[in-house]
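This report takes up strand pairing, helix packing and domain contacts in turn. Please keep the sequence and the structure in view while reading.

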Amino acid sequence: MVTNLPQEAKNKWYEVTLTKNPQEKIKLMQEFLSLVPKHKGTEKLCRQVKTQISELKDEIEKKKQMKKGTAPSYFIEKAGAAQIVILGATNVGRSSLLKAVTNAEPEIASYPYTTRSPIPGMLQFMDLQFQLIESPPLIEGASQGRGGGFQILSLVRNSDGVILMVDLSDDPIEQYMMIIDELEKARVMTVPPPGEVEIQKRGLGSEIQFIWDGKLVNCTQEEVISLLREYKIRSALVRIKGDVTLEIVEDAVFGNAAYRPTFIIANKLDVEGSSRWVEPLKEVAKPLEVVPLSVKRFENLPETIGSRLFSLLQVKRIYTKEPGMEHSKIPVVVKGELTVGGLAKMIHSDFYTRFKYARIWGTSAKFPGEKVGLDRPLADGDVVELHV
Ligand SMILES: Nc1nc2c(ncn2[C@@H]2O[C@H](COP(=O)(O)OP(=O)(O)OP(=O)(O)O)[C@@H](O)[C@H]2O)c(=O)[nH]1
Ligand SMILES: [Mg+2]
């Protein structure tokens, strides 16, 4: 269901998108909210806009603090194949996990709120590394800024994935629901959306143009164009990925939600009575994977976490080689799909523009050294020799 906002509200949102000034934006967003009729169909939208208002207020506050030099920063430079945030309520064992699988030495204590700022560590898995970051504990109301919530949630937004950690000895379902709820309010999704829309606004004069990496579901191209017109979007590049409904298009007008691949570690399985929570938690958390374990007792933890992340993020290691030479020992590491053309672009634009052919070895090759073009998809472990 699209929200069916009155045209007045749609016009107001257009004004919101025109201004860059945060104070002005907040004022217009508040005016926008007052124009939105309150019912079930607009609930989610109102929540999202309220979160955006809170985030802007926080941004203004931080800028002030920055001038005074008192702003805490949670930003951590990315390293390794991916940056993963260990997220959870207090005392669930986040520091214990970080210490068990990385080189970091966080403080572990039986009392709550030990970790006050994010702590990074590197997890070695096969010939690559994942960067894990223990986040300070997440509390209810984080999406409204409680307990440093904005900083924690922006840490999550900037990451490539999440390990959501719960404590099996203390109602893990409640912990799980609280965290998912806060993430949702902050427009972070833990399961992939069926479709995505990217709206790139362009200068006046051009029309609405589509790029198709998917299809429209239950709506026509004309309906999409007329919905966008109602929001005064008349010239834009609109990329349709996956299965896109009119609702998803409208969502994109208000700023896209971010998808962060996630799996759950249900810790403290060693505590008596904990195992009774495992099945109910799995049921509630579907389709997220739940890994019940005890950080204290578990052996082979780096391997277990590493392999989970490897498949969750669809990591691929591609080894390049020059003719007549051994392949490189250090792989090019990517997440998601990659073609020979994509690899060439990654290495140097010259390899792409002057590309003649490539030879490949590994699972993607029909036979060792097969000659292929730019479109050939690559798999983990492939060796590629580019010819220009
Ligand atoms: N029984 C049991 N206790 C554990 C396990 N893992 C961690 N703990 C204990 O749980 C307590 C909290 O562990 P931490 O690793 O500090 O937890 P945290 O999530 O980092 O906590 P804060 O940073 O304070 O929010 C400590 O007393 C740990 O020894 C486990 O697998 N089993
Ligand atoms: Mg800790």
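Strand E6 and strand E8 (residues 236-244) pair in the antiparallel sense over seven bridges, where two strands count as paired if DSSP finds at least two bridges between them. Helices (H or I, at least four residues) and strands (E, at least two) are DSSP runs numbered from the N terminus. This is a predicted model, in which local features need pLDDT of at least 70 and side-chain atom pairs count only at pLDDT 80 or more, while totals for chains, interfaces and linings use all residues. Residues are numbered from 1 along each chain as its sequence is written, and chains are lettered from A and ligands numbered from 1 in the order in which they are written.

**The sheet and its helices**

Glycine 195 has glycine 242 of E8 as its bridge partner. E6 and E8 belong to an open sheet of three strands with the order E6-E8-E7 and mixed pairing. Strand E6 (195-201) and strand E7 (208-216) stand at the edges with a single partner strand each, so one side of each is left without a neighbour in the sheet. From one strand to the next, the twist averages 5°.

| Helix | Strands | Angle |
|---|---|---|
| H7 (residues 221-230) | touches E7 and E8 | about 130° with E7 |
| H8 (residues 246-253) | lies across E6 and E8 | about 45° to E6 |

**A helix pair**

Helix H2 (residues 22-35) packs with helix H3 (residues 40-68) at an angle of about 160°, their axes being 10 Å apart. That makes H2 roughly antiparallel to H3, a term for angles over 145 degrees, whereas those under 35 count as roughly parallel, 65 to 115 as roughly perpendicular and the rest as oblique. The contact, which requires C-beta atoms placed from the backbone to lie within 7 Å, includes Ile26, Met29 and Leu33 of H2 and Val49, Ile53 and Leu56 of H3. By class, ten nonpolar, three polar and three charged residues form the contact of H2 with H3; Ala, Val, Leu, Ile, Met, Phe, Trp, Tyr, Cys and Pro count as nonpolar, Asp, Glu, Lys and Arg as charged, and the others, Gly among them, as polar.

**Domains**

The domain assignment of the protein chain gives domain 1 (1-71), domain 2 (83-192 + 259-312), domain 3 (194-255) and domain 4 (316-387), with bounds from an automatic or database assignment. The centres of domain 1 and domain 2, taken over C-alpha atoms, are separated by 30 Å, and their contact takes six residues from domain 1 and seven residues from domain 2.

How values were computed
Axes fitted to C-alpha atoms, helices over the stretch in contact; angles between N-to-C directions. Contact = placed C-beta atoms within 7 Å.
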